[in-house]
Amino acid sequence: MPPGADKQAQALAQAKELFPGGVNSPVRSFAAVGGNPLFFKKAQGAYLFDLSGKPYLDLVQSWGVHILGHGNKKVVKAIQSQCKLSCSLGSPSIQENKLAELIKDAFPSMEMMRFVSSGTEATMSAIRLARAASNRQLIVKFDGCYHGHVDSLLVKAGSGVLNQVSSASSGIVQDQIQNTVSLPYNDSEALKRFFLEKGTQVAAVIVEPVAANMGLILPVHGFLQCLRGLCTAHGSLLIFDEVITGFRLAWGGAQAVFGIVPDITCLGKIIGAGLPAACYGGSKQLMTLIAPLGPVYQAGTLSGNPLAMAAGYQVLKQLKNPETYQQLAEKSAAFYQKLDRAIDKTRFGLAQCQSLFTIFANPRPVNNLSDALASDSLLFGRFFHALLAKAVYFPPSQFEACFIGNRHSAKALDRLAQSIQKTMELI
Ligand code: PLP
């Protein structure tokens, strides 16, 4: 038995009695790769430490939260200081203003915003706002994009939903999804045809501008421009779900990288530094429809939580230094170059964008959900477990993205590229 196996078994047995599948979010289970989820007790920089203290190189980084690595000193200090002042004020606070000013600096399209506690709440509220503003009901999304577990957005959703037997969730009434249309990602023609027929009924199109929940899939040239054009022409709102891409791809997210201005933006993950914070925002004109100024009701006991605000502020302050993204990009590019060589002529393929990447067990180009689903899940399972045995913690599904943070050293990434190459040769 490997060291610590008994502690793992004990923890899992107890968790299985307490939580469905022993986990509090299905993506943490190993359902897609087989075997049991690992318990970790702490994290530092680029590493997670299991119950016996063994370090694993972490490519999950709390699902994209920790761009500065685990345990960033300034973040920890800010949380400690804020704790002494208050964990939750239940009133407006200066901390909210400070974080919002930085977000607005990075995302000028978010003239006003509203803090919530999760990405799910952000997208749910964004579509409510879009429906109110347009006085229409239809929402268009894309197959394999994941926007949280909002009933109406779980239709053909990505992430953990892809490991479900059906392409949505049971327990959702038909009424909740009858106004959701899901189209293939990267297919401008399908979108144009749909808008030709029903464009005047579309309240909003919601999209992950770089899709990262069916594995990583970049938008093909012209796709996001087409979305923007059709929405503008038909009076529909364009919602960029930047819960992953916001502050990940660049200061200003995917909208800065691709030069497209959405009507509403949703952010999460990085802005809370590992504490529950997310937000949605847009023009002043739109956002004044939100209560208490307007008729769209949306609220939250812990919204704008001061611990999360203080922590997020420290992260964004560090990200504002352009060198942070520059270094991350350079380190990631060097790693991808090595990976590219290692992957050539194997049964695997690499998709990458800045510090986000996916290794598909599929050597062909992956541009949409059907391409992604053509990947060999058994082969990926073997790949995952072989890397885990080498103390590398990959996301336990090929439909999730891997995240490189600024605490992943060039040396660790070099070793990782070598481990990946050897693993591919052996399995
Ligand atoms: N939108 C995207 C693009 C996501 O990746 C996620 C979660 O991974 C969400 C929304 C939902 O965020 P949360 O898990 O914080 O509810």
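A polar contact is a pair of N or O atoms within 3.5 Å; within protein, one atom must be able to donate a hydrogen and the other to accept it, and residues adjacent in sequence count only if both atoms are side-chain atoms. The model is predicted: local features need pLDDT of at least 70 and side-chain atom pairs pLDDT 80 or more, while totals for chains, interfaces and linings use all residues. Residues are numbered from 1 along each chain as its sequence is written, and side-chain values use heavy atoms, without hydrogens and water.

**Exercise 1. The ligand**

Solution. 
1. N213 places a polar side-chain atom 3.0 Å from an oxygen atom of the ligand. For D241, an N or O atom in the side chain is 2.6 Å from a nitrogen atom of the ligand.
2. The protein buries 81% of the 390 Å² that the ligand exposes when taken alone. Such areas come from the Shrake-Rupley method with a 1.4 Å probe.

**Exercise 2. Strand β10**

Task: Determine why β10 (residues 278–282) is described as largely enclosed.

Solution. 
1. Strands (E, at least two residues) are DSSP runs, numbered from the N terminus. Buried means under 20% relative accessible area (1.4 Å probe, protein chains only).
2. Because 5 of the 5 residues of β10 are buried, the strand is largely enclosed by the rest of the structure.
3. A278, Y280 and G282 are buried on one side of β10, and C279 and G281 on the other. In a regular strand the side chains alternate between the two faces of the sheet.
4. Two strands pair if DSSP finds at least two bridges between them. Strand β4 (residues 112–116) runs antiparallel to β10, with 5 bridges; F115 stands opposite C279. Strand β9 (residues 264–267) is also antiparallel to β10, joined by 4 bridges, and T265 has G281 as its bridge partner.

Notes:
Buried means under 20% relative accessible area, exposed over 50%, partly exposed in between (1.4 Å probe, protein chains only).
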